[in-house]
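We'll start with a couple of loops, then move on to the helices and finish with the domains.

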Amino acid sequence: MQHFDLIIVGGGLAGASLALALRDSRLRIALVESRPPVVPAGWDARIYAISPANVAFLEALGAWKHLNAQRMAPIRHMQIFGDAGGRLNFSAYDSGVPELGWILESSLMACEFWESAKRQANLTLFCPAAPGALEFRHDAAVLRLQDGTVLSARLLVGADGRDSWTRQAAGLAAINTPYGEKGVVANFTTTLAHRNTAWQWFRDDGVLAYLPLPGNRMSIVWSTPDEQADALCALPPVAFCETVSAAGEGVLGGLELLTPPAAFPLRLMRVPETVAPRLALVGDAAHGIHPLSGHGINLGFQDVKELASLLAATPPWQDLGDVRLLRRYQRARREETLLLQGATDGLRRLFKSGAAMGPLRNVGLNLTNGLPFVKNALVRYALGAF
Ligand SMILES: Cc1cc2nc3c(=O)[nH]c(=O)nc-3n(C[C@H](O)[C@H](O)[C@H](O)COP(=O)(O)OP(=O)(O)OC[C@H]3O[C@@H](n4cnc5c(N)ncnc54)[C@H](O)[C@@H]3O)c2cc1C
């Protein structure tokens, strides 16, 4: 049996960033991952809008400065449209910040984290590896990998995504509410410049976002009912581009496909208990949120920041797996997670609620647009400034 202080199952963005955040700690860490990240040949269709609060977190990890600046675009303006003339505009200039967020590819971050993890002195990587059995003893979590290797640690962290093996093996409940929608993602070149603007349209058939990539390129996330998502993905490239351009009111002119569309099923997932004796969950293992507000990994990074600072500050004589300690992490993250899940879900319902609510929700957007104080409060919340 190999002994560690901490075992992390899942080396995606949440798990690998947790390992990095504990680089200078005294903890001996094992990271178990089934497959290492790969750099795609072209542009990755999986992109993230990273909030300034999380840019600061990635700077503190030392990862931000190593990311390829040629593959990242700042968001300086946002335009949100309702389905009946409602409109809301934000700008970094009006909000007194250099940018509202950054758009970057998932694989760009994942590969950077992974390369750093490989060089980390207090980290042992088990990859490719998958967990086979988990046992919680009074003094340790014992994880048997499928190849027969046995690891033990005071604490095991599940960072293995929304279908978390760890969460299930530990018997922690997850309340899933499928949206009946998929998020269609794809990248395009555009004939018109985006001027670092992100657009979002709340439509009868879902929510479409145009997100700026460097140069005359952009990425979309179109969350729409399952059948329409499948139909969109089945369109020939030219017809797909025309459909996306028409849905986006032609704001970026003609579109040409850079990366073919892919669709991800969407669901709301609430996990009432994200800790147990010798166990904590972070990232998508701990929550699922609709992508319309782009908060998924942003919530995950804040989980990691909170848990890492708690673990790093724990004196050597205190048991890292003590559930009383872990509950401090759970309490610290619960409010923001529930608030954002609720707000995002509420927004989606409001714009799905049919014609009766139409005028009201669009008036709401227009009213908010006319109220600088409310707008600034919204921007500050989205930036993670509260
Ligand atoms: C369409 C769409 C658009 C999105 N847009 C945004 C956005 O703009 N901004 C944003 O913040 N979020 C966004 N998200 C959410 C974001 O993708 C997730 O929040 C994020 O990927 C979660 O990271 P994670 O590390 O927690 O989990 P994952 O990315 O799922 O990583 C889990 C890791 O664990 C490994 N693993 C899993 N099971 C095992 C096992 N049994 N053994 C070993 N390893 C295992 C996997 O290989 C993987 O590396 C979007 C999601 C969707 C679907």
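Pro128 sits in the loop that runs between strand β8 (123–126) and strand β9 (131–136). What kind of peptide bond joins Cys127 and Pro128? It's a cis bond, with omega at about 0 degrees. Keep in mind that this is a predicted model.

Another loop to find is the one between β12 (175–190) and β13 (197–203), which holds Arg195.

Now for the helices. Two packed helices are described by the angle between their axes and the distance between the axes.

| Helix pair | Angle between axes | Axis distance | Handedness of crossing |
|---|---|---|---|
| α1 and α4 | about 35 degrees | 9 Å | left-handed |
| α1 and α8 | roughly 30 degrees | within 9 Å | right-handed |
| α2 and α8 | roughly 45 degrees | within 10 Å | left-handed |

Let's take α1 with α4 to begin. Helix α1 covers residues 13–21, and helix α4 covers residues 106–118. With α1 passing α4 in a left-handed crossing, the contact is made by Leu13, Ala16, Ser17 and Leu20 on the α1 side, and by Ser106, Met109, Ala110, Phe113, Ser116 and Ala117 on the α4 side. Sort those residues by class and you get seven nonpolar, three polar and no charged ones.

Helix α1 also packs against α8. How are these two helices oriented, roughly parallel or oblique? Their axes cross at roughly 30 degrees, and angles under 35 degrees count as roughly parallel, so α1 and α8 are roughly parallel to each other. On the α1 side you'll find Leu13, Ala14, Ser17, Leu18 and Ala21, and they meet Ile297, Phe301, Val304, Leu307 and Ala308 of α8. This contact divides into nine nonpolar residues, one polar and no charged.

Next up is α2 with α8. Helix α2 spans residues 52–61 and α8 spans residues 296–312, and their axes cross at roughly 45 degrees. α2 and α8 are therefore oblique to each other. From α2, the contact uses Ala53, Asn54, Phe57 and Leu58, while α8 brings Asn298, Phe301, Gln302, Val304 and Lys305. By class, that makes five nonpolar, three polar and one charged residues.

Finally, zoom out to the domains. The protein chain is divided into domain 1 (2–40 + 107–176 + 268–348) and domain 2 (61–105 + 179–267 + 352–382). Their C-alpha centres lie 29 Å apart.

The size of an interface is often given as the accessible area lost when the parts come together. Between domain 1 and domain 2, the buried area is about 2,200 Å², with carbon and sulfur atoms giving 56% of it. On the domain 1 side, Leu108, Arg162 and Arg348 lose the most area to domain 2, together 31% of what that side buries.

How values were computed. Residues are numbered from 1 along each chain as its sequence is written. This is a predicted model: local features need pLDDT of at least 70, side-chain atom pairs count only at pLDDT 80 or more; totals for chains, interfaces and linings use all residues. Side-chain values use heavy atoms; hydrogens and water are left out. Axes are lines fitted to C-alpha atoms, for helices over the stretch in contact, and angles run from 0 to 180 degrees between N-to-C directions. Helices (H or I, at least four residues) and strands (E, at least two) are DSSP runs, numbered from the N terminus. Angles under 35 degrees count as roughly parallel, over 145 as roughly antiparallel, 65 to 115 as roughly perpendicular and the rest as oblique. A crossing is left-handed if the near helix is turned anticlockwise from the far one by less than a right angle, and right-handed if clockwise. Contact means heavy atoms within 4.5 Å. Ala, Val, Leu, Ile, Met, Phe, Trp, Tyr, Cys and Pro count as nonpolar, Asp, Glu, Lys and Arg as charged, and the others, Gly among them, as polar. Domain bounds come from an automatic or database domain assignment. Buried area is the accessible area (1.4 Å probe) that two parts lose on being put together, summed over both.
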